[in-house]
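Here are a few notes to go with the model; have a look at it first, then read on.

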Amino acid sequence: MKRIMPVLAIGILFVLVSCGNSYEENRRLSRAEKERLDSLDQIAFKVGVMPTLDCLPVYIAYEDSLFEKDSVRVHLKSFTAQMDCDTALTKGSVQGSVTDLVRAERLQSRGVALTYPIATNTYWQLVTNRLARIRELHQLSDKMIADTRFSATDLLTGIAIRRGHPKYNVYRVQINDVKIRLEMLENNEMDAMFLTEPQATKARLMGSPVLLDSRDLDMHLGVFAFRKADLAGRRRQMRLFLKAYNQAVDSIHRHGLQFYGPLIRKYCGSDPQTVKALPSLVFTPAHSPRRQDIERARKWIIQH
């Protein structure tokens, strides 16, 4: 027994030392892997995206390896609140992001120089809680509307209030996260809100009336904005990004929106019923937004 104990002790010590070496080795490898991934991310073309349908061409280009085929490494940075996209643009952690002209012009007024090579097909609908019995704009009186400050939804909320002339105040509640905003509508925690697709379709399926549609106002405010400071050394990446984007748009035209139902469910978190009910949407190749939409956003920023 006395002979066994030292042998056992040596064995245990050997195991502990081996484990220690393994732990240190794993830490070293983990650091090396992190440094490798950080290096790849640094040279990649980083773009902020949201769980909204205006990002579909980017999702298709990413999933179909259209970026890789042109030898451009694109990293998608997913956000659920536009404010987080703005922060990423401001700090330079992304080269570009989906946004709207109101938010983008506000960033420019604060010193972040941007360019808009892609105008999207985004529109917003003012939907109301199915239990709130709000069928007309004047019935927003003494009700709560969820929107995001200094954004297209902020601008549109102001238009809705002016058009409706509600007798009492309308309470504007800042809910930035699009997923939380939709959940609040589902849970009857909010009276009204502006939503884009596919969240707007989900709301309509729940029986939410639509009081206002930005398309009826001849306003096209959705864009992908890119940092001018970053593009000087990334012109090739920008050119190939736009090429892949246009190829993805062509694919939507060729196959139809429903063909990409699995991608919409994956990236937007939509259920099959919502995807099936999506309206027919036209996606256009990359082009700059209309001057009148930029001017409208600028004017609103100056006034607010």
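Two strands count as paired here if DSSP finds at least two bridges between them. Bear in mind that this is a predicted model.

1. **The sheet.** With that pairing rule, five strands make up an open sheet, ordered β7-β6-β8-β5-β9, and the pairing is mixed. The edges belong to β7 (171-174) and β9 (210-213); each has a single partner strand, so one side of each is left without a neighbour in the sheet. From one strand to the next, the twist averages 25 degrees.

2. **β5 against β9.** Strand β5 (residues 125-128) runs antiparallel to β9, and three bridges join the two. If you want a spot to look at, L126 has L212 in β9 as its bridge partner.

3. **A cis peptide.** Going from E197 to P198, the peptide bond is cis, with omega near 5 degrees. P198 sits in the loop between β8 (192-195) and α8 (199-205).

4. **Two positive phi values.** D142, not a glycine, has a positive phi of about 65 degrees; you'll find D142 in the loop between β5 and β6 (144-147). F150 isn't a glycine either, and its phi is near 55 degrees; its place is the loop between β6 and α6 (152-164). Are these residues buried or exposed? D142, at 47% relative accessibility, counts as partly exposed, whereas F150 counts as buried because its value is 16%, with the cut-off for buried at under 20%.

5. **The largest pocket.** Its volume is about 290 Å³. The lining comprises 17 residues, with T120, N121, T122, H220 and V282 nearest the centre. By class, that lining has six nonpolar, eight polar and three charged residues.

Conventions:
Residues are numbered from 1 along each chain as its sequence is written. This is a predicted model: local features need pLDDT of at least 70, side-chain atom pairs count only at pLDDT 80 or more; totals for chains, interfaces and linings use all residues. Side-chain values use heavy atoms; hydrogens and water are left out. On a 1 Å grid over the protein atoms alone, a cavity is a set of points where a 1.4 Å probe fits but cannot get out, and a pocket is an open set with protein on both sides within 12 Å along at least five of seven lines; lining residues have an atom within 4 Å of a point. Grid points are joined across faces, edges and corners, and a volume is the space filled by probe spheres set on the points. Ala, Val, Leu, Ile, Met, Phe, Trp, Tyr, Cys and Pro count as nonpolar, Asp, Glu, Lys and Arg as charged, and the others, Gly among them, as polar. Helices (H or I, at least four residues) and strands (E, at least two) are DSSP runs, numbered from the N terminus. Axes are lines fitted to C-alpha atoms, for helices over the stretch in contact, and angles run from 0 to 180 degrees between N-to-C directions. Buried means under 20% relative accessible area, exposed over 50%, partly exposed in between (1.4 Å probe, protein chains only).
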